[in-house]
Amino acid sequence: MTDACDNSGFAEIGLSWKDNMVAQGYSQYDGAKLCNDISGGKFDDKLEAFATYLAGFPNVKFLIRPDYEVSGNLHANTNPSQFDQATWDYEAYPAAFKHIRSIVGGKVSNAQFMYHPVRGSAKALYPGDDAVDYQGKFRQLTDTPSYRDI
(Lines give C-alpha, C1' and ligand atoms only; values in the text may rest on other atoms or scores of the structure.)
Protein backbone atom coordinates (compact mmCIF):
# COMPACT_ATOMS: atom_id res chain seq x y z
CA MET A 1 0.00 0.00 0.00
CA THR A 2 1.26 3.45 -0.93
CA ASP A 3 0.93 6.08 1.78
CA ALA A 4 0.35 9.75 0.97
CA CYS A 5 2.80 10.55 3.75
CA ASP A 6 5.47 9.10 1.47
CA ASN A 7 4.63 11.84 -1.07
CA SER A 8 2.88 9.49 -3.46
CA GLY A 9 -0.39 7.64 -3.76
CA PHE A 10 -3.89 8.95 -3.11
CA ALA A 11 -5.47 11.04 -0.37
CA GLU A 12 -9.15 11.86 0.05
CA ILE A 13 -9.68 15.04 2.07
CA GLY A 14 -13.02 16.09 3.48
CA LEU A 15 -12.91 19.88 3.80
CA SER A 16 -15.73 20.40 6.29
CA TRP A 17 -17.33 23.54 7.63
CA LYS A 18 -20.76 22.38 8.81
CA ASP A 19 -19.29 20.62 11.84
CA ASN A 20 -17.64 23.78 13.16
CA MET A 21 -20.21 26.46 12.31
CA VAL A 22 -20.89 27.62 15.86
CA ALA A 23 -17.18 28.02 16.69
CA GLN A 24 -16.91 30.30 13.65
CA GLY A 25 -19.77 32.50 14.88
CA TYR A 26 -22.61 30.98 12.87
CA SER A 27 -25.73 29.25 14.18
CA GLN A 28 -26.81 25.83 12.99
CA TYR A 29 -29.35 27.62 10.77
CA ASP A 30 -26.77 29.82 8.98
CA GLY A 31 -25.77 27.33 6.29
CA ALA A 32 -26.40 29.59 3.32
CA LYS A 33 -24.74 32.55 5.05
CA LEU A 34 -21.61 30.52 5.73
CA CYS A 35 -21.53 29.22 2.14
CA ASN A 36 -21.98 32.77 0.83
CA ASP A 37 -19.16 33.97 3.09
CA ILE A 38 -16.91 31.24 1.65
CA SER A 39 -17.71 32.21 -1.94
CA GLY A 40 -17.40 35.89 -0.97
CA GLY A 41 -13.79 35.42 0.12
CA LYS A 42 -14.06 35.55 3.93
CA PHE A 43 -11.98 32.39 4.31
CA ASP A 44 -9.63 32.84 1.36
CA ASP A 45 -6.58 33.09 3.63
CA LYS A 46 -7.36 29.65 5.05
CA LEU A 47 -8.06 28.20 1.59
CA GLU A 48 -4.82 29.69 0.22
CA ALA A 49 -2.82 28.19 3.11
CA PHE A 50 -4.52 24.81 2.59
CA ALA A 51 -3.76 24.91 -1.14
CA THR A 52 -0.15 25.91 -0.53
CA TYR A 53 0.26 22.98 1.85
CA LEU A 54 -1.21 20.49 -0.64
CA ALA A 55 0.95 21.87 -3.44
CA GLY A 56 3.94 20.59 -1.47
CA PHE A 57 2.89 17.05 -2.38
CA PRO A 58 3.04 17.01 -6.20
CA ASN A 59 3.05 13.22 -6.44
CA VAL A 60 -0.06 12.69 -4.32
CA LYS A 61 -3.40 12.52 -6.12
CA PHE A 62 -5.90 14.43 -3.99
CA LEU A 63 -9.64 13.97 -3.97
CA ILE A 64 -11.08 17.05 -2.25
CA ARG A 65 -14.60 16.83 -0.87
CA PRO A 66 -15.92 20.34 -0.06
CA ASP A 67 -18.00 19.44 2.97
CA TYR A 68 -19.88 16.15 3.14
CA GLU A 69 -23.45 15.01 3.50
CA VAL A 70 -24.42 18.23 1.76
CA SER A 71 -28.06 19.07 2.43
CA GLY A 72 -30.48 21.93 2.08
CA ASN A 73 -30.85 22.28 5.83
CA LEU A 74 -27.13 22.69 6.50
CA HIS A 75 -25.98 24.38 3.29
CA ALA A 76 -28.94 26.38 1.92
CA ASN A 77 -31.08 27.43 4.89
CA THR A 78 -31.57 31.19 5.34
CA ASN A 79 -34.16 31.26 8.14
CA PRO A 80 -32.22 32.41 11.24
CA SER A 81 -34.36 30.51 13.75
CA GLN A 82 -35.27 27.16 12.17
CA PHE A 83 -34.71 24.89 9.21
CA ASP A 84 -37.19 26.04 6.59
CA GLN A 85 -37.09 24.65 3.07
CA ALA A 86 -39.11 27.61 1.79
CA THR A 87 -36.11 29.87 2.54
CA TRP A 88 -33.37 27.77 0.98
CA ASP A 89 -30.79 29.52 -1.19
CA TYR A 90 -29.93 26.87 -3.76
CA GLU A 91 -27.03 28.93 -5.17
CA ALA A 92 -25.07 29.27 -1.90
CA TYR A 93 -23.42 25.83 -1.72
CA PRO A 94 -22.62 25.52 -5.44
CA ALA A 95 -20.95 28.94 -5.31
CA ALA A 96 -18.89 27.91 -2.25
CA PHE A 97 -17.88 24.64 -3.94
CA LYS A 98 -16.79 26.46 -7.11
CA HIS A 99 -14.88 29.07 -5.11
CA ILE A 100 -12.99 26.38 -3.20
CA ARG A 101 -12.24 24.58 -6.44
CA SER A 102 -10.98 27.80 -8.00
CA ILE A 103 -8.57 28.57 -5.17
CA VAL A 104 -7.37 25.05 -4.35
CA GLY A 105 -7.47 23.78 -7.92
CA GLY A 106 -5.63 26.90 -9.07
CA LYS A 107 -2.61 25.90 -6.97
CA VAL A 108 -2.95 22.12 -6.84
CA SER A 109 -3.02 20.59 -10.31
CA ASN A 110 -3.11 17.07 -8.84
CA ALA A 111 -6.49 17.62 -7.13
CA GLN A 112 -9.94 16.53 -8.20
CA PHE A 113 -13.21 17.44 -6.51
CA MET A 114 -16.12 15.38 -5.19
CA TYR A 115 -19.70 16.43 -4.51
CA HIS A 116 -21.04 14.37 -1.60
CA PRO A 117 -24.73 15.03 -0.96
CA VAL A 118 -27.18 13.49 1.41
CA ARG A 119 -30.54 12.50 -0.05
CA GLY A 120 -33.27 14.97 -0.86
CA SER A 121 -31.78 18.18 -2.23
CA ALA A 122 -28.84 16.56 -4.01
CA LYS A 123 -29.82 17.65 -7.52
CA ALA A 124 -30.78 21.18 -6.46
CA LEU A 125 -27.41 21.82 -4.77
CA TYR A 126 -25.24 20.18 -7.46
CA PRO A 127 -22.39 22.56 -8.37
CA GLY A 128 -22.34 21.50 -12.04
CA ASP A 129 -20.34 19.22 -14.29
CA ASP A 130 -17.73 21.93 -14.83
CA ALA A 131 -16.87 21.87 -11.10
CA VAL A 132 -17.49 18.26 -10.04
CA ASP A 133 -15.15 15.42 -11.00
CA TYR A 134 -16.82 12.76 -8.85
CA GLN A 135 -20.04 12.39 -6.92
CA GLY A 136 -20.23 10.48 -3.67
CA LYS A 137 -23.36 8.97 -2.19
CA PHE A 138 -24.54 9.04 1.40
CA ARG A 139 -26.46 6.05 2.68
CA GLN A 140 -27.44 5.01 6.17
CA LEU A 141 -26.92 1.33 6.84
CA THR A 142 -30.62 1.09 7.64
CA ASP A 143 -31.82 2.96 4.50
CA THR A 144 -33.82 1.21 1.84
CA PRO A 145 -31.71 0.10 -1.13
CA SER A 146 -32.92 2.82 -3.53
CA TYR A 147 -30.77 5.64 -4.91
CA ARG A 148 -33.64 7.34 -6.75
CA ASP A 149 -33.44 10.44 -4.57
CA ILE A 150 -29.92 11.30 -5.72
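Buried means under 20% relative accessible area, exposed over 50%, and partly exposed in between, with a 1.4 Å probe and protein chains only. The structure is a predicted model, in which local features need pLDDT of at least 70, side-chain atom pairs count only at pLDDT 80 or more, and totals for chains, interfaces and linings use all residues. Residues are numbered from 1 along each chain as its sequence is written, and side-chain values use heavy atoms, with hydrogens and water left out.

**Exercise 1.** Classify Lys-42 as buried, partly exposed or exposed, and identify its salt-bridge partner.

*Solution.* 
Step 1. The relative accessibility of Lys-42 is 51%, so this residue counts as exposed.
Step 2. A salt bridge requires a side-chain nitrogen of Lys or Arg within 4 Å of a carboxyl oxygen of Asp or Glu. Lys-42 forms one with Asp-37, and their closest N and O atoms are 4.0 Å apart.
Step 3. Asp-37 has a relative accessible area of 22% and is therefore partly exposed.

**Exercise 2.** Describe the salt bridge between Arg-101 and Asp-133.

*Solution.* 
Step 1. The distance from N to O is 2.8 Å.
Step 2. Arg-101 lies in helix α4 (residues 92-107), while Asp-133 lies in the loop between β3 (111-115) and β4 (134-135), 32 residues apart.
Step 3. Both residues count as partly exposed, Arg-101 at 22% and Asp-133 at 32%.

**Exercise 3.** State the geometry of the aromatic pair formed by Tyr-29 and Phe-83.

*Solution.* 
Step 1. Rings of Phe, Tyr and Trp (its six-membered ring) pair if their centres lie within 6.5 Å; planes under 30 degrees apart are stacked, over 60 edge-to-face, and the rest tilted. The count is eight aromatic pairs.
Step 2. The centres of Tyr-29 and Phe-83 are 4.9 Å apart with 70° between the planes, an edge-to-face pair.
Step 3. Tyr-29 lies in the loop between β1 and α1 (31-39) and Phe-83 in the loop between α3 (72-75) and α4, so the pair ties together parts 54 residues apart in sequence.

Key:
Helix = DSSP H or I, 4+ residues; strand = E, 2+ residues; numbered from the N terminus.
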